[in-house]
Amino acid sequence: MKNTKIKNLIYLFLIPCVFHIGLVRAQGKDGLPNIIIIFTDDMGYGDLGIFGNPTIYTPNLDRMAYEGQKWTNFYVAAPVCTPSRAGLMTGRLPVRSGMASNKKRVLFPNSRGGLPPSEISIAKFLKGAGYATGMIGKWHLGHLKEYMPNAHGFDYYYGIPYSNDMDPVGGISYVDALRNPKIDYFNVPLVRNGIEVERPADQNNLTKKYTEEAVGFIDKNKNKPFFLYLAHAMPHVPLFASTEFKGKSRSGIYGDVIEELDWSVGKVLEALKRNGIDEKTLVVFTSDNGPWLIFDEYGGSPGALKGGKGGTYEGGMRVPAIFRWPGKLKQGVVMEMGSTLDLFPTIAGLIHRDMPNDRVYDGYDLKEVMFNQSKSPRSEILYYRDTEVYAIRKGGLKVHFVTQDEYGNEDMTIHHPALVYNLDVDPGEKKNVSKKHPDFIIEMKKRLEEHKATVSPVVNQLEL
Ligand code: MG
């Protein structure tokens with residue numbers, strides 16, 4: 001009799017109590033924050049007003065930065081689309097998941113590979129923590145069913161699964177098609193949860209449609225924690241803007257496209273305010289890689305940096321980044337280092353969950369930098385071009401062991417001695433100071449060997 005009473009007490013009181021304590025610990029006193037990552041495609045470091053662009057008008061992003069944080073030393077995992085996105089989604093260098101190749105730099109519509117099902121995406125991780133998960137836009141981590149967003153933890157997906165310049169229709173050269181683009185030149189599909197809903201996608205209204213979808217997802221999920229990954233197709237060529245924005249900027253079609261993206265950010269932030277969840281939501285805005293310079297006025301600008309998409313100079317991998325979370329972030333300019341590789345561990349830190357412990361991660365939890373402007377736990381950047389490390393930054397110094405054209409001739413130079421730049425005083429990488437830093441070169445060569453020893457061979461997904 002006594003034993004039954006004790007058992008009942010345990011069931012009625014102790015177990016719910018322990019469960020509640022666990023929940024409170026996981027959620028923090030304010031509950032789980034919503035997370036939104038807005039990822040643009042091929043937008044350069046110098047393309048936004050807040051990052052110094054003199055002729056592209058970006059009032060929403062400028063305000064977002066003033067209300068939050070502008071990060072001036074923020075990097076991506078790779079200078080081209082597919083590996084950069086694999087790094088963001090997994091928190092791991094793309095070479096670890098087989099999502100980098102020096103034969104095929106990205107996935108194509110005829111590729112058979114993709115992000116392996118064994119990888120844990122941010123979406124899968126957050127879904128396990130009770131989040132509603134949605135993705136709108138460019139995935140580019142495999143278009144076959146087993147690799148698509150729905151197979152990687154997203155409850156909802158709407159978008160073009162790869163780049164907007166793919167599936168070209170014959171009869172016109174690629175360059176001509178980019179200079180005077182029509183939607184029929186690129187037979188790309190628009191997909192909703194695995195079902196093709198439009199082909200070719202009407203790219204004139206693509207930014208607008210992605211924005212409507214994003215706002216719809218926020219409205220629908222306002223009462224539960226959600227993760228929204230909004231990966232715009234723009235400003236990757238071919239450039240398209242809706243009639244409200246076309247011909248309106250002082251900076252040609254490229255400026256029109258950026259101004260429409262800025263409008264889109266304004267709509268997302270407005271939806272958070274309208275739903276009363278502004279202070280419960282972290283929004284991160286950044287780009288997947290630097291500007292595609294070979295397309296001249298159809299590509300963006302690296303601003304004061306050197307180089308662009310495809311290469312390992314700063315312009316290829318240092319991207320504009322803005323964080324916003326009213327009432328939580330310590331507002332201002334953050335000059336500490338961060339990377340898209342850090343977003344996964346930072347999010348895990350924010351919801352008090354441990355990262356999976358069965359694999360190598362390459363990121364750091366940045367929440368103290370966000371909340372207190374503390375020193376970043378990240379002091380190093382590895383600049384991968386495909387499967388090779390070409391350069392390393394440690395503190396203010398950066399060494400280039402190898403440099404190579406981003407696109408075009410693709411001439412490669414192995415430097416003896418390696419090039420060294422002091423990015424703190426020379427962010428444009430103009431003055432090689434290798435003679436002053438022989439010890440740094442030796443130290444970084446050692447560091448490179450140490451790093452290589454942590455990389456295990458895996459199936460190359462881009463070559464399948
Ligand atoms: Mg890109």
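Leaving aside its neighbours within four places in sequence, which residues is Asn164 in contact with? In this predicted model, the list is Phe186, Val188, Gln203, Ala233, Met234, His236, Val237 and Pro238.

## Around Asn164

Asn164 sits in the loop between strand 4 (156–159) and helix 6 (174–179). Its relative accessibility is 1%, so Asn164 counts as buried.

Two of the contacts can be described by atom type. The side chain of Asn164 makes a polar contact with the side chain of His236, at 3.1 Å. The Asn164 side chain also reaches the backbone oxygen of Pro238, again at 3.1 Å.

## The magnesium site

The magnesium ion has protein donors from Asp41 (OD), Asp42 (OD), Cys81 (SG), Asp288 (OD), Asp288 (OD) and Asn289 (OD1). These donors lie 2.1 to 2.7 Å from the ion. The angles among the 6 donor atoms run from 54 to 159°, and the site is irregular. For reference, ideal angles for six octahedral donors are 90 or 180 degrees.

In sequence, the donor residues follow the spacing D-D-x38-C-x206-D-N. Cys81 lies in helix 3 (residues 81–90), while Asn289 lies in the loop between strand 8 (281–287) and helix 9 (314–317), so this pair ties together parts that are 208 residues apart in sequence. Cys81 and Asn289 are both buried.

In general, strands of a sheet pair through backbone hydrogen bonds.

Strand 11 and strand 12 are joined by 6 bridges. Here Glu380 stands opposite Lys394 in strand 12. The hairpin of these two strands has 2 residues between the strands, and Asp386 takes a positive phi near 60° there.

## Strand 13 and its partners

Strand 12 and strand 13 run antiparallel and share 4 bridges. Lys394 has Leu397 as its bridge partner in strand 13. The hairpin of strand 12 and strand 13 has 2 residues between the strands. In that hairpin, Gly395 has a positive phi near 60°.

On to the pairing with strand 14. Strand 13 (residues 397–404) and strand 14 are antiparallel and joined by 7 bridges. Lys398 stands opposite Tyr421, and Gln404 stands opposite Met412.

## What covers the sheet

8 of the 8 residues of strand 13 are buried, so strand 13 is largely enclosed by the rest of the structure.

Glu380, Leu382 and Tyr384 point one way from strand 11. Ile381, Tyr383 and Arg385 point the other way. In a regular strand, side chains alternate between the two faces of the sheet.

## A separate hairpin

Strand 5 (residues 190–192) and strand 6 (residues 195–198) run antiparallel, joined by 3 bridges. Arg192 stands opposite Ile195 in strand 6. The hairpin has 2 residues between the strands, and Asn193 takes a positive phi near 45°.

Ala132 belongs to strand 3 (residues 132–137). With 8% relative accessibility, Ala132 counts as buried. Ala132 and Phe154 are 22 residues apart in sequence, but 8.0 Å apart in space, C-alpha to C-alpha. Leaving aside neighbours within four places in sequence, the contacts of Ala132 are Asp155, Phe217, Asn221, Lys224, Pro225, Phe226 and Phe227.

Helix 2 (residues 59–67) has Asn60, Leu61, Asp62, Met64 and Ala65 buried. The buried residues of helix 2 pack against strand 2 (69–75), helix 8 (252–274), strand 8 and strand 9 (321–324).

How values were computed. Residues are numbered from 1 along each chain as its sequence is written. This is a predicted model: local features need pLDDT of at least 70, side-chain atom pairs count only at pLDDT 80 or more; totals for chains, interfaces and linings use all residues. Side-chain values use heavy atoms; hydrogens and water are left out. Donors are N, O and S atoms within 2.8 Å of the metal (3.2 Å for Na, K and Ca); water is not among the atoms, so sites may look incomplete. Four donors count as tetrahedral if all angles lie between 85 and 135 degrees; four count as square planar and six as octahedral if opposite donors are over 155 degrees apart and all others between 65 and 115; anything else is irregular. Buried means under 20% relative accessible area, exposed over 50%, partly exposed in between (1.4 Å probe, protein chains only). A polar contact is a pair of N or O atoms within 3.5 Å; within protein, one must be able to donate a hydrogen and the other to accept it, and residues adjacent in sequence count only if both atoms are side-chain atoms. Contact means heavy atoms within 4.5 Å. Two strands pair if DSSP finds at least two bridges between them.
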